[in-house]
Amino acid sequence: MKLLIISDSESDLSRLFASCFSACERVTIDAASSTSLDAYDAFAILGGTDTSGAVLPAPMRNALALELSRGKRIFAEFC
């Protein structure tokens, strides 16, 4: 399985998730909007590294909702 972590910085949780998947990439929240989600099986949105949490732009939320409707898993922390 391939995981995409959406987070502005690395954390203990992102490292733990990365160790559990055969393939894992991390992108910032800003870069996520230009990332193709088709290649990933699961997503982790980690906002705990920022004092204000993670705020995803509407197009990114819609793209993730589409992936969720396709049966892909999403973990969200402090969004």
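Contact here means heavy atoms within 4.5 Å of each other. With that in hand, Met60 makes a handy way into this predicted model: leaving aside residues up to four places away in sequence, Met60 touches Ile6, Ala32, Ser33 and Leu37.

The largest nonpolar core has 13 residues, and the members that touch the most others are Leu4, Ile6, Leu56, Met60 and Leu64. Two or more residues of this core come from each of β1, α2 (29–32), β3 (42–46) and α3 (58–69). Apart from that core lies another one, made of 6 residues, including Leu3, Ile5, Phe17 and Leu46. As a general matter, nonpolar side chains in soluble globular proteins tend to be buried together.

Next comes the helix that carries Met60. With its 12 residues, α3 reaches 16 Å from first C-alpha to last, which is close to the 16 Å expected at 1.5 Å a residue. Along α3, the residues Met60, Leu64 and Glu67 are buried. Looking down the axis of α3, these buried residues fall within an arc of 55 degrees, so they line one face of the helix. As for their partners, the buried residues of α3 pack against β1, α2, β3 and β4 (73–77). Over on the other side of α3, it's a matter of exposure: Pro59, Asn62 and Ser69 are exposed there. Just past the end of α3 sits Gly71, with a positive phi of about 95 degrees.

The strands on either side of α3 belong together too. Taken with the helix, β3, α3 and β4 make up a right-handed β-α-β unit.

Strand β1 (residues 2–6) pairs with strand β2 (residues 23–27) in the parallel sense, over 5 bridges. To get from β1 to β2, the chain passes through helix α1 (residues 12–20), and this β-α-β crossover is right-handed. Ile5 is found opposite Arg26 in β2. Ile5 has already turned up above, as one of the 6 residues in the core that lies apart from the largest one.

Key
Residues numbered from 1 in each chain as written. Predicted model: local features only at pLDDT ≥ 70, side-chain atom pairs only at ≥ 80, totals over all residues. Heavy atoms only, no water. Pairing = 2+ DSSP bridges. Helix = DSSP H or I, 4+ residues; strand = E, 2+ residues; numbered from the N terminus. Right-handed = clockwise from strand over helix to strand, strands pointing away. Core = buried A, V, L, I, M, F, W, Y, C linked by side-chain atoms within 4.5 Å. Buried < 20%, exposed > 50% of the residue type's maximum accessible area, 1.4 Å probe, protein only. Expected span 1.5 Å × (residues − 1). Arc of directions from axis to C-beta.
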